[in-house]
Every structure is written in C-alpha cells, then in structure tokens.
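Good morning, and thank you for coming. I shall take the two chains in turn and then turn to the contact between them.

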Amino acid sequence: MRSADILLSELTLLRREQIVPWVLVGLLLATIFAGFSGRMIIDEQRAGALGARDEARVLIDSLKQQAAAGSETACSPGAVAYSVLSMPVSKTATPLEGLAIGQGDLLPDTYRLSARGAHTFLGQTDPENSLRLVSGNFDVAFLVVWVLPLLVIGCLFDVVIGERERGVLSLALLAGVSAGRFIWHKWWTRFLLLAAVTTVSIVLAAWIQDPAWTATTAYVLAGWILTSIIYLALWCALALVVSTGAGSSEAAATRLAGAWLVFVILFPAVTNLIAGTVMPPPSRVELTATLREASEQADKAIAAERDRWFFDHPDLQGDMNRRAYYLSVARSEAGIEKIMAPLLEEFAQNARDQQRVIEIMKYLSPGTLTFRSLTSLSGSDGRQHAHFRDAVVAYHRDWREFFVTRLETDAPLTVEDYDRLPTFVAPQIDGRQLILSLSVPLLLMLALTCLLCLLGSRKLRSTHLIVGTYSPGRG
Amino acid sequence: MLEAIGLTKNYGEVRALRSLDLQVKSGEIYCLLGANGAGKTTALNIFLGFVLATSGIARIDNINVSQDPIATRKRIAYIPETVTLYGALSGLENLDYFSKLSGIKHSAESLRRVLAQAGLAVEAYDRPLQGYSKGMRQKVGIAIAIARDAKVLLLDEPTSGLDPKASNEFSQLILAMAERGSAILMATHDLFRARETGSRIGIMRDGSLRKEFVAGEIGHRDLENEYLETMQEG
C-alpha cells in the first residue's frame, strides 16, 4: 500500500470517528474566541493609554496658549510640574499582544508620571504576584499551552495500543506493512491535522488582532506558529512513546493525563512556589507604612521650613511665594523619594530575582517554556515589562530635571519650553532578534521531540508491540 | 503447507513451547486444544513471525518463517481472538481498508461478494462495525482472510464468546475455506467445535503436544475424557 493510500485511509477514519473532527473544530472556535477575548483586553488597555495621551496633549496645548498669554501658572515650572501636568507614557504596542496577554493586565502598560517621586507611579505595580508570572488569561497562549496537549492526548493516546487492541496491528503486519510504517503514517496524519488546525487558528486569531502587517508582525506570527507546532510535536511524540509502552489504552490515557498534570500544572505551580519562597517579596504593608511615614516627615519638614520662611518674611504672611513653595515641594518629594527608593528597588530587585529563578526553572516544563516564549513574542512577558519600566524611570529623571532645573534657576516656562518637553521613547521590538532569542528553548524542545520520536521508533520495532509481553497464563 | 519441527520457545526461564512437531496440509483443519498457557498462542505467533523461535523450524508453504517472514506472511490470513477492527467504518469499508493495506484493490462489487461469502447479512455491509455482534465481526475477519486469498489460515480462539448459532456459522465458513484448499490451524478451548470442525485435533500441555487424534475417529465423550486426562497428568 502506498503511503498516500494509508494517509487517505487514515483521514477517512478520522472523519468517521466524529470525536476528532469535533476536537479540531472546537480548537478552531476556542482559538477564535480567545483571539477576540485577548483583543478586547488589549483594546481596552490601548484605549485607556490613548485617552490619557490625548488628554495630556490637549492640556499641554492649553498650557502653551496660556504661557503665550503670560499666565502665571502656565509659566511656573513648579506649578506645572507638581500641580498641573502629569505625563502618561505607554509601552510600545506590540503587533500580536492580544494573543498572549501574559502579565499585560498585571504590570501596567501605561504610567502617568509627574515630577513627583517615582513611588507615585511605580506603586501601581504588583510584583509579588508570582503565580500570574507563569499562568495567564483566557487567550491563545492559554489554549496552546494548557488545552492543546489535552487535544493531543485525545487524538493520539491509543495511536499504537489502540491498534494492537483492535487486532489491526497484526493484520497490518500480515499485509506486509511494518508496524513502524503503519503507526508512523497514523501519527503523521494526526500530527499534521492538528498542526494545520493550530496554524489556521493562530493565523485567524492574529488576523482578529488587526495588526499593522509589518516585517516584525510577520516574524512574531512565524515565531508563534513555530513555537506552537514544536510544542504540539513534543506532546505528539510523548503520546507515541507512552502509547507504545502502555499495556492498554486506558493505561496510556492515564499516563498521558498524568504527564499533562505534572508538566503543565504541577511544575509551573512548583516554579511559582519556589520563586515565591526563595525570593520572597518585600512586605507591601511595610512599603505603605514607610511611604506614610516618609510623607509625614517630609510634610513636617516643609511646614517647619514654611514657618521659618514666614518668620523671616512676616510681610508676606498669607501670600507665600509660589516659587519658594514649589522649591519646598521639590525638596520634600526628593526627601520622600530618598526614603522610598531603596524599598522600591527592593521590589524591583525581587521581581528581577523571581524572573531569574523562573528563567532557569522554565526548562523543567515544556508548558512554561512555551508560555514564556509566546508571551515574549507578544511582548507581554515580565522581561519586556522590566525594560519598559527601566525606560520610564530614566524618562522620569529627565522629566523632573527639565522642570526642577527651571524651578531652581527661576526660569519661567516659555512656549518654546512646551515644545521642548522631554519625549518618551519606548523600547522597540526587533522581531528577528526576538526569534533568535527564542532559539535555545525552541531547539531544546525540538531536540526532546526528536529524542522521543527515536525512542518511539525503537519501541515500534519491538516484537512485544504486536504480541504484548509474555505471561504464562496466555496461550 | 504448514509445518513445525522441534519448535521451541523460551521466555527467559519459562519454556512456553517444547519441541512442537506439527503438520497441517492443504484442505486440513488442525485444532489445537489446551488450557491457558499451554503454548497454543505462542505456536501461532511463531508461524505469524511475530515471535522468533528459540530453536526448531516453522515452515509455511515450505518457506522457513524465520528466514523469510515477509514471504510467509503473504501466504497467511489470521483471525485473532478479538476482531475489533475500526468501529467507525462499515464492514465494507473495513474490508476495503485491509485489502488495500495488503496491496489488493477490489471493486465494490467484488468486496460485496467476499462479504457474502463470509456469510455477512447484506443489510450489515454499510453499517458501522461498532454496531456488529462479535460473530458479525468474526465474519468480517473471515472476509479479510478470503480477500487475501491466503493459503494458510491461523485462528486464535475464534469462537470464544460466540453464541452456538454464530459459532456454528463460523465453523461452516472455515470448513468452506478448507474445501477451497486452505490449511487451517485453530487454537481453541471449544472441544465440541474442534471435534465438529477439525480434521485433526492436538492436545497441548505445558508447551508440548501431548496427544493427537483424527477428528472423525474419536467421539465427543472420548475427546473430553482424553482432554481431562491430559490436564490431570503429572
């Protein structure tokens, strides 16, 4: 029998076994739904960021006009920096972020910063939630990592043992088709079918995101498909090995379900536990208490300074000099920040340490490895958020310096100054570079897949495959 | 047509088959009786080429099975104890699938003729196999054997679980195949069916062939006594 005939017969068989077509249709529909779900979350985030940016732009234009008209407030660097203007900065919108929300809803994509201390906007983050670092929302990444292996188990758990139980394997062998050739054709048919549906599903989900079709988008999409297919192949290879070695279909299904539980649920949970235990996050309560204490101290210091100033200038009682006031605010903010900075750094360091632990431990689970790769491709992983955060902190320094320098030198803000406001440049994603950075985990999974396939091939050559292991109670 | 000379199979310390000598000629039905573990299935597996003999020779159509298993397999049809096949496919489609697997392409008409020869009711041809009784599935198994036009038919407890009517129909089918010139080796627990269907009967115990009879020369009661006696031997 020609290979094409076996493949065609297998396709007919799969079509007739209605479960498989329904599984594939289910995957397609679920992926489309996940694509919409992801897009809704991202759209909401982007709309929020866009609204904040528009609002800031309108405000800046208005301040510019007021500065041209000689408004005292618009010309005061202190008033603008500390009372009027806050600047929203957003992470670069990645083309297929909606496919893997990752930590996109956990770590903010937009910070609204002013010249006040970094704690005023960095406090929005929630770095201690390590559980969400390796799990996710109902998005396409969730389907690929969590659900796809279950579909593989459903389609392939009995690819070998089922044929033996049905007595088909011995008939195939008598027909002159080796067990290896027969099973590999079945395996390839099912794998290719799953791979085709996965690819179509991902492309459809990507299309739903309505991205700008640039080279980066193409690289990211290619990376998504490649990662998902390699992950799929790994599970298919595992199903082959398990089905080859199991004594019954039930045993094969149970073992594979166990593998899913261990690699997709247990290992990521253990990774979370270890990351949280080895790198325990600093206390939130301590952060809040320190912030309150520092603010109180700073307020007291300002009040004392103000009292001293009024003591020296009794004639100006009730009409404090605006510049002097904002200078004291600047000093107060600097004081608070000095106290808060080590604590914030502790949180940031903790997040980095946890990421480092997860970065190492991800190799224990193909599920985590794939999830990290997919979120990385979609630009929603912790590492890219950390880059964005670092860029925001650097930008915040420029922003504050811009105003404080003018405040200290008593230089009023001019119309030209408004045109020279520091602009935020978000870290850009190089699609090609991104794929290269994923090459190690992908090659590792590919190598493991090949190893499992080789093991499966070896087992397919064993005579036990046809007749089972001898037991004296049989024939 | 089918011959075993000093056929022995050891699984580690366990001797599953001890120097089996056996010959089944064309048109003959040889029934191997014996309890579980007597070595019947092991003998069949050696003829099928699924298991290598530790020593001795297994020949099919004068070809040594261990030397050319592909050639010998071409001459064999086999019906295992459980013929489940593909439940989602109809009897006709299963037959077509396994015929194609053997490299034989039958027309739809020819496939229907083969199913009719195997005794399957016409209304069952296009029904999915999952709705078939065990007897009907065995008939599809027979049809696959007929379609292969095999010279040797090996059966492993084919009537276990069949009701008397289905069992009788099955016997008629293999008798018809023997009449067409096939050599048939059947491992079974069914003494009555062995006596009714077989040309010769062998009783196995602990891997060796203890007794052999010509089916027509022994009565049911005597066969039963001989069987029980063999099972009780030290």
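In what follows, helices (H or I, at least four residues) and strands (E, at least two) are DSSP runs, numbered from the N terminus. On that basis, chain A has 19 helices and two strands. Please note that this is a predicted model, in which local features need pLDDT of at least 70 and side-chain atom pairs count only at pLDDT 80 or more, while totals for chains, interfaces and linings use all residues. Residues are numbered from 1 along each chain as its sequence is written, and chains are lettered from A and ligands numbered from 1 in the order in which they are written.

Let me stay with chain A. A residue is called buried if 20 or more other C-beta atoms, placed from the backbone, lie within 10 Å of its own, exposed if 12 or fewer do, and partly exposed in between. Of the 475 residues in chain A, 44% are buried. Two residues are in contact if their C-beta atoms, placed from the backbone, lie within 7 Å. Among the contacts in chain A with a separation of 6 or more, 88% join residues 24 or more positions apart.

A:Asp43 lies in helix H2 (residues 19-68) of chain A. A:Asp43 counts as partly exposed because it has 14 C-beta neighbours inside 10 Å.

I now move to chain B, which has eight helices and 10 strands. Buried residues amount to 50% of its 234 residues. The C-alpha trace of chain B spans about 55 × 40 × 30 Å along its principal axes.

Chain B contains an open sheet of four strands in the order E2-E1-E4-E5, with antiparallel pairing; two strands pair if DSSP finds at least two bridges between them. At the edges are strand E2 (14-24) and strand E5 (63-64) of chain B, each pairing on one side only. Within the sheet, strand E1 (residues 2-11) and strand E4 (residues 55-60) of chain B pair in the antiparallel sense over five bridges. In this pairing B:Leu2 stands opposite B:Ile60 in E4(B). Helix H1 (residues 40-48) of chain B packs on the sheet and touches E1, E2 and E4 of chain B.

Chain B is also divided into domain 1 (2-75 + 153-232) and domain 2 (86-149), with bounds that come from an automatic or database domain assignment. The centres of these domains of chain B, taken over C-alpha atoms, are 25 Å apart. Eight residues of domain 1 of chain B are in contact with seven residues of domain 2 of chain B. Helix H6 (residues 164-179) of chain B gives four residues, the largest share of the domain 1 side.

Finally, which chain B elements meet chain A? The contact takes 34 residues from chain B and 26 residues from chain A. E2, H1, helix H2 (69-74), strand E6 (76-79) and helix H3 (91-101) of chain B each supply at least two residues of the side that touches chain A.

Methods:
Axes are lines fitted to C-alpha atoms, for helices over the stretch in contact, and angles run from 0 to 180 degrees between N-to-C directions.
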